Amino acid sequence: MSDLHLLPQDSFAPVRAGVVGAGYVGLTTGACLAHLGHHVVCADIDEERVERLRRGEIPIVEEGLAEVVAEGLSSGRLTFEVGAAAAAADADVVFLCVPTPQGADGGADLRYIEAAAAQIAPVLKAGALVVNKSTVPVGSTRAVEDVLERPDVAVVSNPEFLREGTAVYDFLNPDRVVIGADDRSAGERLGDMYAGLNAPVIITDPASAETIKYAANGFLAMKISFVNAIAAMCEAVGANVDDVVEGIGADRRIGKAFLKPGPGWGGSCFPKDSRALVKIAADYGYDFTMMKGVIDVNDEQRRRMVAKVRAALGAEPGLGLRSRVVGVLGLTYKPGTDDLRASPSVAIVEALVAAGATVQAYDPTVAVGRLPAELDGFTLAADPYGAAAGAEVLVVATEWPEFAVLDLDKVAGLMADPRAIVDTRNLLDPAAVRAAGLSYDGVGRRAERPRHE
Ligand code: NAD
Ligand code: UGA
């Protein structure tokens, strides 16, 4: 966690800010701006969410967020309101942090951005600054200007690079702040708001800022797809991906970050943003075949994980898995969050359920009896051992730290033959798993030669 006592700098001038949308990005932005010393009204259309936030109840799992929200509420610098207009009415700077989900054509659906812009347009103060923090295609800064029809208001792009699970830390410790502004003084005005952060501010034109966001997510997704493809190759040639990553990562031009093999990238952003990048490029006449390949490798990776489970069960290709029992550890798309959006773990569960398997899953953020409505066909266990009980195969689908310290002898005792672990996150030590009498299959790890043996 970052230091919550970060002090405003001498030159610091508090700003009256409005934040539209109190989700992962908006709530983090609002609470962190208040932490930096600004006066923030954070608004959402979800009345229940606003009520809970007023009581200091945090609707999402996000480390450190409760503390910054509590700090903002008690200092009086952070308040919560219903509706975008309430955030904008008294603000000098308004941040749009609403969803931009994938549309039917693969591109970003801008309906929430356009609705929010239309709602704030009549109440914006003259000379206000509107900041687009949502991830939006090239040209969207202009599109917001068109909806606002307020020539007295400047619109700038300010893409957000925080990760879920470390959102507060990332917001307060960014590698860079990117601002896209036609009018440089509007960009500098926003840059001044971040004066309390020790980060370089890159001011560019709106199209470049919007492109930076998609290019960053596309590049990170590419790194993961690359390592997953290398992992598949390692399995084919009998190499060990852990050693390969260590070997290539030691080259400072490559580095080790974002080269962890797994079941493929998921979450609320990489899947939609990678497809939106392909769509934006196509709209402007460029066939982004490389990004299409990155997406294909990712789709294939999920199928590969399901094939590993089938292989561990000894299931004939193409045959159903009726009466076969599979335990699954983890449902979120990564640890540290309760976000199930586009989770590879959920995709694996759904594929197993569709094949007829009996699936019993456990996730530390999904309470028994509280499975989201869109998920069904499987049961939730109260703890990891409950997911293992009677399971022929136990899948490590999300690398929650608690799964790394399971009592493997207990797990082996609870499971049924063939007692196999499919570790889609390379979380466990293969030697320790085998020593407990379980078989082990990871991602790109050499079959019978555990590392360092
Ligand atoms: P989210 O779904 O968690 O939150 C969005 C919130 O906006 C919701 O609570 C919704 O009720 C509210 N909302 C929608 N329309 C509104 C309106 N007119 N007025 C007031 N509130 C409204 O979404 P998110 O994950 O925070 O993502 C927001 C944007 O930020 C997206 O464009 C996303 O791509 C981008 N982004 C997300 C992350 C991330 O880690 N989640 C990181 C960087 C960028
Ligand atoms: C990602 C980016 O990292 C953020 O910079 C960006 O702001 C955000 O998307 C966004 O635009 O919403 P996030 O989705 O929260 O953040 O999570 P990541 O930590 O990037 O993980 C994304 C997916 O990649 C997860 O499924 C994770 O398990 C997977 N991953 C990540 C790997 O499989 N291997 C890795 O080495 C890293």
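Around ligand 2 of this predicted model stand 19 residues, and Phe 161, Leu 162, Glu 164, Lys 213 and Cys 269 come nearest; a residue is near a molecule if one of its heavy atoms lies within 4 Å of it. By class, this shell has 9 nonpolar, 2 polar and 8 charged residues. Here Ala, Val, Leu, Ile, Met, Phe, Trp, Tyr, Cys and Pro count as nonpolar, Asp, Glu, Lys and Arg as charged, and the others, Gly among them, as polar. Helix 9 (206-237) and helix 11 (270-283) each supply at least two residues of the shell, and helix 9 gives the most, with 3 residues. Helices (H or I, at least four residues) and strands (E, at least two) are DSSP runs, numbered from the N terminus.

Residues are numbered from 1 along each chain as its sequence is written, and chains are lettered from A and ligands numbered from 1 in the order in which they are written. In this predicted model local features need pLDDT of at least 70, side-chain atom pairs count only at pLDDT 80 or more, and totals for chains, interfaces and linings use all residues, while side-chain values use heavy atoms, with hydrogens and water left out.

The table lists polar contacts of both ligands; a polar contact is a pair of N or O atoms within 3.5 Å, and within protein one must be able to donate a hydrogen and the other to accept it, with residues adjacent in sequence counting only if both atoms are side-chain atoms.

| Ligand atom | Protein atom | Distance |
|---|---|---|
| Ligand 2, oxygen | Lys 213, polar side-chain atom | 2.7 Å |
| Ligand 2, oxygen | Asn 217, side-chain N or O | 2.8 Å |
| Ligand 2, oxygen | Lys 334, side-chain N or O | 3.0 Å |
| Ligand 1, oxygen | Thr 100, side-chain N or O | 2.5 Å |
| Ligand 1, oxygen | Thr 135, polar backbone atom | 2.9 Å |
| Ligand 1, oxygen | Arg 341, side-chain N or O | 3.4 Å |

Taken alone, ligand 1 exposes 840 Å², and the protein buries 91% of that. The accessible areas come from the Shrake-Rupley method with a 1.4 Å probe; for residues, only the protein chains shown count as cover. Two or more residues of the shell around ligand 1 come from each of helix 1, strand 2 and helix 5 (111-120). In total 26 residues surround ligand 1, and Val 25, Asp 44, Thr 100, Gln 119 and Lys 272 are the closest. The classes in this shell are 12 nonpolar, 7 polar and 7 charged residues.

Strand 2 also takes part in strand pairing. Strand 1 (residues 16-20) pairs with strand 2 (residues 39-44) in the parallel sense over 5 bridges, where two strands pair if DSSP finds at least two bridges between them. Val 20 stands opposite Ala 43 in strand 2. On its other listed pairing, strand 2 is joined by 5 bridges to strand 3 (residues 78-82), again parallel, and Asp 44 has Val 82 of strand 3 as its bridge partner. Strand 1, helix 1 (residues 24-35) and strand 2 form a right-handed β-α-β unit; a crossover is right-handed if, with the strands pointing away from the viewer, the path from the first strand over the helix to the second runs clockwise.

Strand 5 (residues 129-132) has buried residues on both faces: Leu 129 and Val 131 point one way, and Val 130 and Asn 132 the other way. Buried means under 20% relative accessible area, exposed over 50%, and partly exposed in between (1.4 Å probe, protein chains only). Strand 4 (residues 93-96) runs parallel to strand 5 and is joined to it by 4 bridges, with Val 93 partnered by Leu 129. Strand 4, helix 5 and strand 5 make a right-handed β-α-β unit. Strands 5 and 6 are also parallel, over 4 bridges, and Val 131 is the bridge partner of Val 156. The chain crosses from strand 5 through helix 6 to strand 6 in a right-handed β-α-β crossover.

Arg 150 lies in the loop between helix 6 (140-148) and strand 6 (154-157). Arg 150 counts as buried because its relative accessibility is 18%. A polar atom of its side chain lies 2.8 Å from the backbone oxygen of Ala 121.

An open sheet of 6 strands has the order 11-10-9-12-13-14, with parallel pairing. Strand 11 (379-380) and strand 14 (439-441) stand at the edges with a single partner strand each, so one side of each is left without a neighbour in the sheet. Within this order, strand 9 (residues 325-329) and strand 12 (residues 393-396) are joined by 4 bridges, and Val 326 has Val 393 as its bridge partner.
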